[in-house]
Amino acid sequence: MTALDYLLLISAITVVIALLAGNMRVGGWLVTILYALQGAALLMMSGLGYSTMTVVQSSLRFNVLSEQMLWRFDALSWFFALITIGAGLFCSWFASGEWGEKYRDNGGNLRLFHGALALNVFTMLVLLASGDLLTLFIGWELVSWASFLIMALAGGKAFDYAMRYISYAFAGAMALLGGLLLIYAEVGSFDFQSLKEAVPTMSSATLWTLVVLLTAGFGVKMAILPFHLWQAKAYAETPGPGAAFLGAISSRMGLFAFIVVVVQLIGISRLVEMEIPYTFLDAQDLLAWIAVFTIIIPTYIALRQHDARRLLAWHGVGQTGYMLLGIVIANDLGSAGGLMHVFNYASYQAMLFMAVVAVIHRTGTSDLNKLGGLFTRMPLSYLAMLIGIIGLAGLPPMNGFVSKWLIYRSLIVDGSPLLFIGAVIGTLGTILSVYKLIHNIFLGQLRVEHAAVREAPLSMVIPMMLLAAVVFVTGYFPGLVLDWTSAVQTSIGLPVLAHHLGGVSISGGLDMIWIVSVLLVGFGFGTLVFFLGGRSKRVHQLDNYAGGHFLTAETRYHYSDNFYPGLMHLIGPWYRNSFEWLERGLISAVDTLSTAMQGLYRNAHPSYLLLVAVVFALSWVIV
Amino acid sequence: MRRFTAALFLLGLGVMIAAIYQHIDFSNTAVNAGQAINAVAAEETGAANFVTSVVLAYRGIDTLLELTILFTAAMIGGMVLGRRRVDAPRDPDAGFILRTGADLLFPLLLVVGLYIILHGHLTPGGGFQGGVILAAAFFLPLLARPGITLIDQRVVSLVEGLAGATFIIIGLLAMFDGKEFLTPLLDKGELGALISAGTLPILYLAVGIKVGSELAGLLAHLAEAEALD
Amino acid sequence: MEAVVLVVVIVMLLSAVAVLLFKDFLAALAAMSVVSLGLSFLFVVVRAPDVAMTEAAIGAGLSSLLFALALRRLGLWRGQ
Amino acid sequence: MSLLVLMIVLPLLTAFLLSSIDRLSTFAARVMGPLVLLATAAIGLSVWPQLGDAPLAVQWGGFQAPLGITLYADQFGLLFALAMTIGTLLLWPRSTENQLRSSSLALLLAGTGSGLALSGDLFNIYVFYELMTVVSYGLIASRGTSGSFASTLRYLVISGFGAALALAGIALVYQATGTLNLAQLAQLAPEKLNNLQGFAAFVLMLVGFGVKAELFPVNMWVPEVYATASSRVSALLAGVVSKLALLIIMRLLILVFHQPEALTVLLVLGILGVVSGELAAWRARDLNRMLAFSSIGQLGVMFIALSIPGNAGIFAALAVMVHHLFLKPSMFLLAERWGGSIKGLAGAAKTSPLGAALFVLLSLSLIGVPPLPGFWAKLLVIMPLLALDQPLYYFAAFVILAAASLEANYLFRVVMKLYEKEPAATPHNAHATLDLATAVFLGAGLVAAVFMLIPLADRLDGIAAQASDVSTYIQTVAPQPLQSGGVQ
Amino acid sequence: MDILDNNTILYIAAFGLMLIGISGIVISNHLMRIIFGIALLEAGANLLLLLSTYHEGASAPIIVADNIPTMMADPVPQALVLTAIVIGVGILALALSLAIRVQRAYGTLDMREVRLKLEQEISDEAGIDMPSSSEKPDDIAKVPLNSVVQQESGS
């Protein structure tokens, strides 16, 4: 039994326990402890000296089709597994207390929820541990179906979205299978190493086919353009903490597989050699531009949402673009930024979802037009969301700033100003929409019906606060995460970023310790002035008047719908839902063909077809 | 349009058949399994009619299956058409000449049918041809007098079942003897004599009775069909 | 001999076409019997007396009887 | 002498005598059929191990090979003979009105199917095939509705057409070689059938035997028949009988027809089958027809697998066939109570949770989700397709993958309906215990296969290797060479 | 008559019967004609099978009075055709019985109408409307299509 065996075993046990005890009062806590155990097993695997970590094999292996299937962990898997288990731990914790009871009382199947969550973690670990292309595909499919399970839990509308997800995901998986089997046909093995050795001898056409098939397969899970339509709604309809978990890590599995196969095995340098005929672009540029558009378009779609969960979920799609962009650029800064963004994003996205779920838990709605002023009622949730959106918008002093800085910097170093501008436009949209989020929920006027709302229970607040701490600490000391990303960079064969605890040690580098310290000093000074200046006075929100009338609680003077009217007027014409139309067109094409085929079976005289076949054979004979 | 496409297809089919016909090689015809059978059949089976040898001995299992097809078809025919209702109206009897003719023909056809069956291993004819005549013998009176129940479906099914079973049991007897299923048994006798060729005449008798009863049953079913519903 | 065979074949093929063209099903059935009888003759020509007998008894006789009974039950005894 | 012939003969004998037995004792007639099938299955199983070393050739009537009819038993044939026998046993027809006739028909089907799988003579195969066709007419029509009669009639027209063409094909083969024995044909084929005449014979026989194997242009009967026949009969036809027809085509392909054009024809027709079947299933709105169309698609995949030259193709086709053998009958059994519009299925999982869970499992395996057996079967088909490195084969692989995603879409639409919270207006019937037990048994077989994947794959590979070994076939049957004027 | 020797004439008869049979199946809509077509097709195939080893100058494969002829016709195809004819008549009877029942149920033997009525019956039994190519099945369109529009036009 190796460390990896222990990890997988504990994870499998977690699934079983979750399914057995999920409905009990202690069930959630038990499962949470098991996640913590998984985390311990993961840490045991490498100690904290991860940078020297070598490959950990699992003793589990099979021989199928004269191919050996094996599982193993390297630094890349370890890094993603850390995030996965962390997300599982916090989400399970979050779900264990009052939330779970309420879910069960509302007719939800809590046992199935915990089981599905644990199954998601387990399948992701299996995927991360894959040691060859066959196990990669098996893990991939397991993850897809586990996500499908948790997405469909809510029933009703969630069924429709989960259905859409699985249609996309399965089509993607088939593209992936096609790609992997094509590799097998070319290389004669599912082994990673054989593929790596065979890549230089492959023809350009084969390579293009491979890259397109694999990117499409992985891209569906990442929800990059043009496969982005399924994700936001499916995630938003997943029950509370499940959405937080999926939003934090699930679609990152696509990125993991992309890194393993396209970056590590095929290699970015090979992509650069693949030029697109009649243009000055190559495959790498193509991917980078896909990434940039994946940043921009979903972010501005998010701006339009008025459901908090959907707004966040659409951001999830957009942020994937940053990660992909950084990794495709593939220099030391970019890949470190992309990888670090995976970690950072997971931490604040989980927290943001939790904050929104906490609000739903107390108020029963996530409609941004029906909320407001909850700051006074739920200050801790407010704090969590504030820290989260600072991170999401990529502003100092939170960790999101560091990873985005690295990605921007890499674009400048790489000499791609257009990509840089695209990424910045995306960030602009992010800032605008996260402001909409926090404003419409927490700021402004408190609604009458929410006057009695209390802060979320401790079981929900503590995970949020812990995540907030993570976001802040890794923003203060980015070196903590950069250590891990360097190990990953070494393991996948990319240039390693020189760094220290406070940031990057290259010329024009970044030292977050300085920046944050200065910021803190500045804030401290400001606070000091604010409180010691003594010129402020607390007034009740309604101690006010407008147009000569005193305000009552029933009067709405804080309008949250029709946000950003000017901006919307300006960019409104761009929301054409072209991709929706594309999707719909595809469906009606299939529908038409399908009708034709049914008509064929229903109406056609069989002998006609037979004779078509005969004539076909005849032409053969003559030719 | 439909006719036009059909004509086009047929033209294509015709051309294809012509093309295939061009490639048929007629020189092979002397070398085949049949000639091999001709060389040894008289000795191996003792039947003067080699077609009978092939039908009952060399390819006996085919014949068994063929009987089974008839059996199944008769059974399904009965199932599909259903049983005659007791109170259903009947056709009036046919005229005097037909009735008398049918009465006279009945024994004649019976004798001819049995003759053809029993000489199947010597002369052209056999169980199938004779069976058809037997069926006609039993069906003719029905045409003449639709009221009579000469053909009782239950008797028919009993007879056909037993005749088929006889065929199989003769085959199984060979297995008790340590030989393969349907190996011809008994003494082969003198070539050309009525009692010769071992079990083949018995098999042909079973075939004839089975074919006769099944076809008679089918005919009766079809004739009675309108009485349903 | 060849001339006889040729005539029989021509009659047979014409009857076969007639089977499909006659409006009256009874006439079509008669044409079908002609085909069967012709076929039975051809079987004699190719030295297959057993098959010829069978074709005459089953193809021309029994099948026609079956068809006739069915046509009567289907109400197609006279042309539509 | 081998007891193997009893597998064929005993059910026939019992079927002949069943109505007489019924007159003596109704109870005896009722239990007789299953008992006989149990006995024949036992005979088959007892012979199974010894066939691993060497196949067995039995000469019916004790006549030497090219003169008499040969019964050739290898594990490949016996596997499907057993599948037929045991499948009939599991799916024993239960119709209250025509019980006696249905029992006889089921017995006949089992006997004929076994014979078809084991036959080694071209015309004998044709007769067995015809008998099986007639028996299936009876089974379909035994439901007794006017729809079942009409669909049987349509089926009969297509089948009769195909059978006549197959007969013409046999005539062409006999004309060229002078023999019907498959072993001798295998000897003579490279010399005498590797030409246009041989190809024409192949196409004619393909069309003829393809009717039952749901080959593309002659499968128009499938949706109607499976929608009108009783579910148990549909399960038998789609699950087992279609595989037997496929087995015949495989045998012909291995032993007799070696033209590359033959493979191309199979490939093209297989692709058309997959495309038309899966697309039509996507739009089907009642469960029975959806399953029927998807069965067309699956058979198309098998034809594509068959079109792969060499041992890999046989192995792949065998794997897909065995997988489908387990899967389709249980799906039809589940559909028996659920049959009807898919919309009306809403909430059916509440009344039959086990059935719904089983349906999910079967769907997952059908679309090929690892680690279920369907995935490995699919892998076995696609891997050699890509390895051939030819455009048409690449296209076939693409079609299979695209069809799988369509399949996932329409099957999970059904699953979603099953688990919907608001139940449909009409209440659902729970499954009959026996149906459910049978389906669970077959489903458990699928799950068990996951754990025995490696020995199972080895065994199937061995069977495929034995089936594709032409020289052993010839040696085992040992036909005497034909000479002018007689046998040497 | 050089071109038209016996062999050729007989083959023309066989192929001709098959062709006419196929055209009967293809062109006709009336079930009886289709059944006639199948019968003709089978007759042609039988003749073809018998011709496969036909040799001019051979005698029938029957030994009469110990007189063994030098060249006898091949008995195997004869046995095969015998079998095929009997199979054919069985299936013919079956087809006719079914035709009688179908006509009684649907009142027609025109295959186009039978097909329509059959479709109607299957759809009725399943509890769905008769499909027609113009309408869109709501079930199918629903899943992926309830889209951004309804959600996002709100804000």
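Me: Before we look at this predicted model, what makes a residue count as buried?

Reply: A residue is called buried if 20 or more other C-beta atoms lie within 10 Å of its own.

Me: Why is A:Ala308 called buried, then?

Reply: A:Ala308 has 27 C-beta neighbours inside 10 Å, and the definition asks for 20 or more, so A:Ala308 counts as buried. This residue is found in helix 15 of chain A, which covers residues 308-329.

Me: Which residues does A:Ala308 touch, if residues up to four places away in sequence are not counted?

Reply: A:Ala308 touches A:Val356, A:Ser366, A:Leu368, A:Leu437 and A:Ile441. A further residue, A:Ile438, is 130 residues away from A:Ala308 in sequence, while the two C-alpha atoms are 9.4 Å apart in space.

Me: How do you know that the buried residues of helix 4 of chain A are on the same side of that helix?

Reply: In this helix, residues 98-105, the buried residues are A:Trp99, A:Gly100 and A:Tyr103. They cover an arc of only 95° around the axis, which means that they lie on the same side of helix 4 of chain A. As a general rule, an α-helix has 3.6 residues a turn, so residues three or four places apart point the same way.

Me: What do the buried residues of helix 4 of chain A pack against, and what follows this helix?

Reply: The buried residues of helix 4 pack against several helices of chain A, among them helix 2 (27-46), helix 3 (75-96) and helix 16 (332-363). The helix is followed by A:Gly107, whose phi is positive, near 95°.

Me: Why are helix 4 of chain B and helix 3 of chain E called roughly parallel to each other?

Reply: The axes of helix 4 (residues 60-81) of chain B and helix 3 (residues 75-106) of chain E cross at roughly 10° and come within 9 Å. Angles under 35 degrees count as roughly parallel, and therefore these two helices are roughly parallel to each other.

Me: Which residues meet where helix 4 of chain B and helix 3 of chain E are in contact?

Reply: From helix 4 of chain B the residues include B:Ile69, B:Leu70 and B:Ala73, and from helix 3 of chain E they include E:Val86, E:Ile87 and E:Gly90. The residues of this contact divide into 13 nonpolar, five polar and three charged.

Me: What can be said about chain B as a whole?

Reply: Chain B has eight helices and zero strands, and 54% of its 229 residues count as buried. Among its contacts with a separation of 6 or more, 71% come from residues 24 or more positions apart.

Conventions
Residues are numbered from 1 along each chain as its sequence is written. Chains are lettered from A and ligands numbered from 1 in the order in which they are written. This is a predicted model: local features need pLDDT of at least 70, side-chain atom pairs count only at pLDDT 80 or more; totals for chains, interfaces and linings use all residues. Axes are lines fitted to C-alpha atoms, for helices over the stretch in contact, and angles run from 0 to 180 degrees between N-to-C directions. Helices (H or I, at least four residues) and strands (E, at least two) are DSSP runs, numbered from the N terminus. Angles under 35 degrees count as roughly parallel, over 145 as roughly antiparallel, 65 to 115 as roughly perpendicular and the rest as oblique. Two residues are in contact if their C-beta atoms, placed from the backbone, lie within 7 Å. Ala, Val, Leu, Ile, Met, Phe, Trp, Tyr, Cys and Pro count as nonpolar, Asp, Glu, Lys and Arg as charged, and the others, Gly among them, as polar. A residue is buried if 20 or more other C-beta atoms lie within 10 Å of its own, exposed if 12 or fewer, and partly exposed in between; C-beta atoms are placed from the backbone. The arc is that of the directions from the helix axis to the C-beta atoms.
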